[in-house]
Amino acid sequence: MSENKPLFFDRVAGAFAAATIAFVPGIVLIATAGSFSGHVHPLSWLDQLTESIGMVLAIILVAIFVIAYPVERWFVKPDHSFWRVGGTYAKFIGTLGLVLYISSILFQAGGYAAVFFIATPIAALTAFVGRAIYVRTAKFHKANRVAAIFLAALIALPLVLPNFSQMSYKVSAFYPDLQPGEISRGTWDVNETDGSAGSHFSN
């Protein structure tokens, strides 16, 4: 294939890598938010962190097919300027976000409405920056393939890692240390899986 007509896989790999680079500030924020300390197992943070990053990368990958593919196929033309292409992405994502936001309200799913309200401008900005990066990096087919495979492995990583959070026997700073000779304990006060109070009986 010529450089002007890359393989479909190469286009997806390039878009996946570019969008991930565009969202690096968000990934760094997730990784440094300090919310991965709810369990006493020394590796519970790894379990929670890989799940969060894997979910973000999975959303980015799905968005390439749901958002980027139709925009590039039906709305973007070769003679369009950088700003016009970015505006097309912003309008498409804004319209989709508005539809999902209104639908959430109509179906009384307020939690989802809040998510769509926050996620829509973030998605538009990520798409705008990611498209600009893609234009400059799409020609590096081999590097994009390696990057895409690595990112896909990060998505799959939580599926193969043990669930370290489930191995925790107490929530930090809630129970005293396990006492000598203590085999088990039960409570209605806290769900040891997610730390929610008064919602679950656990041993």
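This is a predicted model: local features need pLDDT of at least 70, side-chain atom pairs count only at pLDDT 80 or more; totals for chains, interfaces and linings use all residues.
Biologist: Which residues make the nonpolar surface patch?
Modeller: Phe8, Val62, Phe65, Val66, Tyr69, Leu96 and Leu100 make the patch. Its area is about 580 Å².

Biologist: Which elements give two or more residues to the patch?
Modeller: Helix H3, residues 44-74, and helix H4, residues 82-106.

Biologist: And which gives the most?
Modeller: H3 does, with four residues.

Biologist: Take Phe65. Where does Phe65 lie?
Modeller: Phe65 lies in helix H3.

Biologist: Buried, exposed or in between?
Modeller: Phe65 is partly exposed, because its relative accessibility is 41% and that class runs between 20% and 50%.

Biologist: Switching to packing. At what angle do the axes of H3 and H6 cross?
Modeller: Roughly 130 degrees. The axes come within 8 Å, and H6 spans residues 141-160.

Biologist: Is the crossing left-handed or right-handed?
Modeller: The crossing of H3 and H6 is left-handed.

Biologist: Why does Ile30 count as partly exposed?
Modeller: Because its relative accessibility is 24%, and buried means under 20%.

Biologist: How far apart are Ile30 and Leu49 in space?
Modeller: Their C-alpha atoms are 8.0 Å apart. In sequence, Ile30 and Leu49 are 19 residues apart.

Technical notes: Residues are numbered from 1 along each chain as its sequence is written. Side-chain values use heavy atoms; hydrogens and water are left out. Patches are made of residues with over 30% relative accessible area and no salt bridge: like charges are joined within 9 Å, nonpolar side chains (Val, Leu, Ile, Met, Phe, Trp, Tyr) within 5 Å. Accessible areas come from the Shrake-Rupley method with a 1.4 Å probe; for residues, only the protein chains shown count as cover. A salt bridge is a side-chain nitrogen of Lys or Arg within 4 Å of a carboxyl oxygen of Asp or Glu. Buried means under 20% relative accessible area, exposed over 50%, partly exposed in between (1.4 Å probe, protein chains only). Axes are lines fitted to C-alpha atoms, for helices over the stretch in contact, and angles run from 0 to 180 degrees between N-to-C directions. A crossing is left-handed if the near helix is turned anticlockwise from the far one by less than a right angle, and right-handed if clockwise.
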